[in-house]
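Student: I have just opened a structure that is new to me. Could we go through it together?

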Amino acid sequence: MTPSTGELLKSYFVPNGSYLMELAEDGSDAEQVKVLQAIGKAIEQDLKADAIIVASPHWLPKSAFFVDCGSIHESFHDYVLRPAPFGRRFFTHVMPGHPELAKALISAGQQAGLPVKEKTYGLDHGAFCPLKVMGVRIPVVPISMSQRSHEECVQWGKVIRKTVEESGLRVVLLAPGNLTHRLDLRIEKAKKDEYFGDGRRFDREVCDLVAAGRSRDVDKIDPALWAAAAPEANLCNLFMIAGASGDAPGSILQYHGAIYSVGDVTFAFDTVAV
Amino acid sequence: MNVTASLDTMNPQFIYDALRKVGTGRATDPLGRQWLIEFTGRNDDDSMQVRIISPEDRTQELLVTEEDFHFSDNKVRIKGVDDFIGFMHPVYLKKMRGFTRGNIPTPDIAGPTLP
């Protein structure tokens, strides 16, 4: 019998704000929540994925890309709790791991000459918030986003894809993050469409580039505008997806300029031939 | 003395200040005294600069790695600070453990840039 070929089914860039768990818990029909829930349903029921690789934008070591090889992943709390201003409720989450896929990623990354290492970490809210709202229960492999160069993130994305394709598994890559991410300017009760100008401009430029299959060209956005927007994880997540997806264009599933200064967008990427 | 953990979210025992780029843990020793553990910098090799302030205001600056921290469910010890045993609520203890392993939390004090 010929072993089945693995496939990177889809990649997603999704919001990860802890407020999403509150909205979901309250049964909100907010677009960000509905889209995440629809993605979760698609991953399990339509794509029939075996595993999810999730790269948290809050796991930002410097020395390497890290992979958690655990068979169980428990969440830990890493956001502000109520009743502090902008505090959120306390949530937890536990998911099964996929040690074989995790170890294959480390081996392949090291063979490609990238700094890839094992570390026990668990799930911070950058990973468990979207997974919890999605409602998925399949195994996950947490990987760090890391403070590495955009070019290295692209190469790491290519290694992830190759590893998946050689694994015989059907896998989804989830790389959460926000576009504009100026938490110092946030307004909890911002009116609809109330959003600061540089953030709006930056988000629009990124969305246009991603939709055109030019995610890597976000590097060419005016540095002053980039600094004003301060995107989460320096948008390393988009570069990782670009490497993994073969520079596929991203479909914008929803966009919401939230709390005055945070760009909540959801992109879905097919995997294209390279 | 038994140090009983209670989750007091009005007085978080680990916070991240994105203006100063500093994480601060607040632990209680077996005598009920407070210690501060300030993470003041992360180096390219993921070693960290840590400032430990004892109940007597004695300050100790250390270069540490995550392996130098020994976490149990309720307390933490740090290699090189032999007289320190710090109790924290498990929620904040895990938050601090995550920080030693590369987590950058949502900031308690927001700044114009991250991390």
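Predicted model: local features only at pLDDT ≥ 70, side-chain atom pairs only at ≥ 80, totals over all residues.

Student: Let us start with helix α8 of chain A. Is α8(A) mostly covered or mostly exposed?

Tutor: Helix α8(A) is mostly covered, for 10 of its 10 residues are buried. Among them are N237(A), L238(A) and S245(A).

Student: What do the buried residues of α8(A) pack against?

Tutor: They pack against β1 (7–13), β2 (51–56), α5, β8 (170–174), α6 (197–211) and β10 (262–269), which belong to chain A.

Student: And what follows α8(A) in the chain?

Tutor: The next residue is G246(A), and its phi is positive, near 80°.

Student: You mentioned α5. At roughly what angle do the axes of α5(A) and α8(A) cross?

Tutor: The axes of α5(A) and α8(A), the latter being residues 236–245, cross at roughly 45° and come within 6 Å. That angle makes α5(A) oblique to α8(A). The crossing of these two helices is right-handed.

Student: Which residues meet there, in α5(A) and in α8(A)?

Tutor: On the α5(A) side they include H150(A), C153(A), W156(A) and R161(A), and on the α8(A) side they include C236(A), F239(A), M240(A) and A244(A). Sorted by class, this contact of α5(A) with α8(A) has 10 nonpolar, 4 polar and 2 charged residues.

Student: How about α3(A) and α5(A): where do their axes stand?

Tutor: Helix α3(A), residues 99–111, and helix α5(A), residues 150–167, have axes that come within 9 Å and cross at roughly 130°. The two helices are therefore oblique to each other. The crossing of α3(A) and α5(A) is right-handed.

Student: Which residues of α3(A) meet α5(A)?

Tutor: L101(A), A104(A), L105(A), A108(A) and G109(A) do so, and their partners in α5(A) include W156(A), I160(A) and T163(A).

Student: Changing topic: which residues touch the most other members of the largest nonpolar core?

Tutor: That core has 86 residues, and I52(A), I53(A), V171(A) and L173(A) touch the most other members. Helix α8(A) gives the most to this core, with 7 residues.

Student: What does V171(A) touch?

Tutor: Leaving aside residues up to four places away in sequence, V171(A) touches G6(A), L8(A), L9(A), A49(A), D50(A), A51(A), I53(A) and V164(A). A second, separate core of 16 residues includes F39(B), M48(B), I78(B) and M88(B).

Student: Now S75(A). Where is its place?

Tutor: S75(A) is in the loop between β4 (72–74) and β5 (94–96) of chain A.

Student: Is S75(A) buried or exposed, and why?

Tutor: S75(A) is buried, because 21 other C-beta atoms lie within 10 Å, and the cut-off for buried is 20 or more.

Student: Which residues does S75(A) touch?

Tutor: Not counting residues up to four places away in sequence, S75(A) touches T92(A), H93(A), V94(A), G122(A), L123(A) and F128(A). S75(A) and G122(A) are 47 residues apart in sequence, while their C-alpha atoms are 5.7 Å apart in space.

Student: Last topic: how many residues does the contact take from chain B and from chain A?

Tutor: It takes 25 residues from chain B and 28 residues from chain A. Helix α1 of chain B, residues 90–100, gives the most to the side of chain B that touches chain A, with 4 residues. The residues on that side of chain B divide into 10 nonpolar, 7 polar and 8 charged.

Definitions and conventions
Residues numbered from 1 in each chain as written. Chains lettered and ligands numbered in written order. Axes fitted to C-alpha atoms, helices over the stretch in contact; angles between N-to-C directions. Parallel < 35°, antiparallel > 145°, perpendicular 65-115°, else oblique. Left-handed = near helix turned anticlockwise from the far one by under 90°. Contact = placed C-beta atoms within 7 Å. Nonpolar A, V, L, I, M, F, W, Y, C, P; charged D, E, K, R; others polar. Core = buried A, V, L, I, M, F, W, Y, C linked by C-beta atoms within 7 Å. Buried ≥ 20, exposed ≤ 12 C-beta atoms within 10 Å, placed from the backbone.
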